[in-house]
Amino acid sequence: MTCYSLDGLTPVVDPTAYVHPSAVLIGDVIIGPGCYVGPLASLRGDFGRIILEEGANIQDTCVMHGFPDSDTVVERNGHIGHGAVLHGCRIGADVLVGMNAVVMDGARIGARSFVSAAAFVKAGFSCPEQSLVMGAPAVIKRSLSDEEVAWKLAGTREYQILAQRCLQNMVACEPLAEVEARRPRIADRGLRPKGSGPQ
């Protein structure tokens with residue numbers, strides 16, 4: 001990974017976490033056990049503190065940043081989709097933040113909630129546990145069912161397994177010039193998009 005110490009503060013990465021080599025960590029960044037940080041993610045602890053708690057994932061091209069003296073936190077098993085921006089906010093335990101969502105300063109997303117793709121969560125927003133948050137500006141649409149939360153937890157578990165797979169098996173390589181005969185596929189572990197029918 002690209003890692004920079006700033007003003008005497010060096011990022012901390014638990015040995016069981018996986019951070020992609022193209023991700024950037026700057027200054028006051030703390031990444032807990034079993035976390036996954038995807039390609040091109042930017043975690044800038046150059047003003048406030050950036051924290052990923054145990055089992056959280058922050059996917060490709062996500063940004064975490066905050067104002068001075070703020071903490072930008074993804075709590076245990078938080079799941080942050082591709083391209084999301086988190087700025088000076090707190091994402092509760094077991095929360096899903098959808099792709100390209102933006103969560104602003106002082107916002108607090110209650111545990112086991114979903115923030116929909118492309119939502120814009122205004123500064124200071126808060127929601128109770130197990131809420132579905134949608135729109136721009138975002139509003140609470142309804143409560144989530146236990147089945148919806150279970151679906152999310154299964155997806156987060158796949159990212160925790162992916163962190164282990166990457167630590168054990170990912171290696172830099174040159175591409176092949178052509179597709180091999182009987183090219184294998186990545187093992188199908190049964191996870192499907194929400195609403196795609198029986199699994």
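# Salt bridges, aromatic pairs and nonpolar cores

In this predicted model, the count of salt bridges, taken as a side-chain nitrogen of Lys or Arg within 4 Å of a carboxyl oxygen of Asp or Glu, comes to 7. Side chains of opposite charge can pair when their charged atoms come close. The table lists some of these bridges, among them the one between R44 and D46.

| Salt bridge | N to O distance |
|---|---|
| R44 and D46 | 2.9 Å |
| E148 and R142 | 2.7 Å |
| E180 and R183 | 2.6 Å |

In the bridge between E148 and R142, E148 counts as buried because its relative accessibility is 9%, which is under 20%, while R142, at 39%, counts as partly exposed. E180, which pairs with R183, is partly exposed at 35% relative accessibility.

Turning to the aromatic rings, a search of the whole structure finds 3 aromatic pairs. In one of them, the rings of Y18 and Y36 have their centres 5.8 Å apart and their planes at 25 degrees, so this pair is stacked, given that planes under 30 degrees apart count as such. Because Y18 lies in strand β3 (residues 18-19) and Y36 in strand β5 (residues 36-37), the pair ties together parts that are 18 residues apart in sequence. Both Y18 and Y36 are buried, and together with Y159 they form one aromatic cluster.

In soluble globular proteins, nonpolar side chains tend to be buried together. Here the largest nonpolar core has 35 residues, and the members that touch the most other members are I31, L43, L52, I91 and V97. Strands β4 (24-31) and β6 (42-52) each supply at least two residues of this core. A second, separate core has 6 residues, including Y18, Y36, L162 and A163, and thus contains the two tyrosines of the stacked pair described above.

What does I91 touch, not counting residues up to four places away in sequence? The residues in contact with I91 are V73, V74, E75, I80, L86, V97, V103 and I109.

A polar atom of the T72 side chain lies 2.9 Å from the backbone nitrogen of G88. Leaving aside neighbours within four places in sequence, T72 is in contact with R49, I50, I51, M64, H65, G66, L86, H87, G88 and C89.

P68, in turn, is found in the loop between β8 (63-65) and β9 (71-74). When residues up to four places away in sequence are not counted, P68 touches F47 and G48. Although P68 and N57 are 11 residues apart along the chain, their C-alpha atoms are separated by 24 Å.

Terms used. Residues numbered from 1 in each chain as written. Predicted model: local features only at pLDDT ≥ 70, side-chain atom pairs only at ≥ 80, totals over all residues. Heavy atoms only, no water. Buried < 20%, exposed > 50% of the residue type's maximum accessible area, 1.4 Å probe, protein only. Phe/Tyr/Trp six-rings, centres within 6.5 Å; stacked < 30°, edge-to-face > 60°. Helix = DSSP H or I, 4+ residues; strand = E, 2+ residues; numbered from the N terminus. Core = buried A, V, L, I, M, F, W, Y, C linked by side-chain atoms within 4.5 Å. Contact = heavy atoms within 4.5 Å. Polar contact = N/O pair within 3.5 Å; in protein donor to acceptor, adjacent residues only side chain to side chain.
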